[in-house]
Amino acid sequence: MGRAMEDVFEEVNQDSSDKDIERIGLKEKLSYGSGDFAFQLTWSLTTAFLLYFYTDVALVPVAATGTIFLVARILSGAYNPIMGAILDRTTSKHGKARPYFLYMAIPYGILCVLTFSAFDMSDGLKIAYAWVTFLLFGILFASMNSPYTSLLPMMTRDPNNKVTLSSFRTVGMAIGAIVVNALTNPFIAWAGQGDEKLGFRLVSIVYALIGIACMYLIFVNCKERYSKPVTKETRTKFWEDFKLAFKNKPWVILFVFVMFNLMRVGIVTSITVYFALNVLQNPTMIPILLTMFSIGTLTAGFIAPTIFKKLSYRAGITMVLSGSIAGYCILPFFQDQMLSFLVIYMIIQILAFIPTPAMFAMIADTIDYSEWKFNRRMEGFLSSTMSLGTTVGSAIGVAIVGYSLTIIGYIPGQITDSVVNGLQTLYYAGPISIMIIQIVIIYFYNLDKKQHEVIVQEIRNR
């Protein structure tokens, strides 16, 4: 796999005489990619299965689930900028980002297990327990995900290296999601032996242990090449960082784009379980659809570098999202022809996820833009605030599904025709609407490759 990965993500057009361009080895690339593999073991588990776990396993009142997801995710997301400010002011013998993988991995794993643990208690206590565990889990997620996103611009400034590392990250994310989506249901059935409470608890333990191991790989193998220690002269106040971030136009546009992208992911993954059970009336389609969703992400990770070496971010993203929208428009007509349905579904997801590696690289570009424009790099704050967009977007997406279940009258075991129609509408129209909005947003992103090359060269000259 190693040689194939190197061939797919080979850096091109690099000036061998330029000593500033880094040589990043395969071990470091794989270790960086393992980070999103670890996060996806828990992120995909919560996005795809936590709503079902609450409504059908833990028996949390359905009307409360949408609010739990929305408010807890927004509150934990609001912690991201705070975490970013802390990160920008971190100085240690291990660097700025790496210490958080060393110290936060085990607490994060513990909260993952507690979030997927159900106990016999009153409805009020169930709601309170869900609130507390999910909120703390989100805060600990931000405490490591923000440093992880900030690590990329600390590792490299070279555009090709950025896309390569972003693609490794996307591949790791996709493999993690495939593991969760393909194996979670069978694992729960096997481990729980009919007891879904036990099954969910055991699967969360396994995923947490694997995730902890991957966090330590990042700590050991990834290098912070552009990590600047904080001094009295460079230390600033939190609100100064906040105001400066929103003067960074490319960053603001990307923030909104990322938020809608994760909103789409939240809707698609959380509605799939209900769609397969109640519309297709085929439980085996749950792991199939979710796995194909993740395989689409994996395939996109391999395709994206080729597309974005030929096209600008704006043109490439517009092209692939338009193709994905067209696929969604014809997909309902093949609902009774399952093979054709799955083929079209796979193409849709590949196209929809090609922008993901570009997003990670674009975040790093906006950090370079901040250093060039304002003489402030702010890796931690800009990256972590971008993580706020992902957290809020995902929360809104899952909350939309939760509120929609209440609106259409969803009651477990009591499915009517109107409920089926409502699920179909949300399954198809939700992603289409969001991708149309994304195309409009990305139209205003104007930090193209040529401009970025000039920016990087001016920074080097300084």
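Is Tyr 108 buried or exposed, and what relative accessibility does Tyr 108 have? In this predicted model, Tyr 108 has a relative accessibility of 7% and therefore counts as buried.

A search of the whole structure finds 22 aromatic pairs. One of them joins Tyr 108 to Phe 39 in an edge-to-face arrangement, with 6.3 Å from centre to centre and 80° between the planes. Phe 39 belongs to helix 2 (residues 26-57) and Tyr 108 to helix 4 (residues 98-115), so this pair ties together parts that lie 69 residues apart in sequence. Phe 39 also counts as buried, because its relative accessibility is 1%.

Another pair is formed by Phe 308 and Tyr 313; the ring centres are 5.6 Å apart and the planes stand at 50°, so the pair is tilted. Phe 308, at 4% relative accessibility, counts as buried, and Tyr 313 counts as buried at 8%.

Tyr 313 leads on to helix 11 (residues 313-330), which packs against helix 15 (residues 417-442) at an angle of about 160°, with the axes 9 Å apart. The two helices are therefore roughly antiparallel to each other, and their crossing is left-handed. Among the residues that meet here are Ile 317, Leu 321 and Tyr 328 from helix 11, and Tyr 428, Ile 432 and Met 435 from helix 15. The residues of this contact divide into 13 nonpolar, 4 polar and 1 charged.

Definitions and conventions
Residues are numbered from 1 along each chain as its sequence is written. This is a predicted model: local features need pLDDT of at least 70, side-chain atom pairs count only at pLDDT 80 or more; totals for chains, interfaces and linings use all residues. Side-chain values use heavy atoms; hydrogens and water are left out. Axes are lines fitted to C-alpha atoms, for helices over the stretch in contact, and angles run from 0 to 180 degrees between N-to-C directions. Helices (H or I, at least four residues) and strands (E, at least two) are DSSP runs, numbered from the N terminus. Angles under 35 degrees count as roughly parallel, over 145 as roughly antiparallel, 65 to 115 as roughly perpendicular and the rest as oblique. A crossing is left-handed if the near helix is turned anticlockwise from the far one by less than a right angle, and right-handed if clockwise. Contact means heavy atoms within 4.5 Å. Ala, Val, Leu, Ile, Met, Phe, Trp, Tyr, Cys and Pro count as nonpolar, Asp, Glu, Lys and Arg as charged, and the others, Gly among them, as polar. Rings of Phe, Tyr and Trp (its six-membered ring) pair if their centres lie within 6.5 Å; planes under 30 degrees apart count as stacked, over 60 as edge-to-face and the rest as tilted. Buried means under 20% relative accessible area, exposed over 50%, partly exposed in between (1.4 Å probe, protein chains only).
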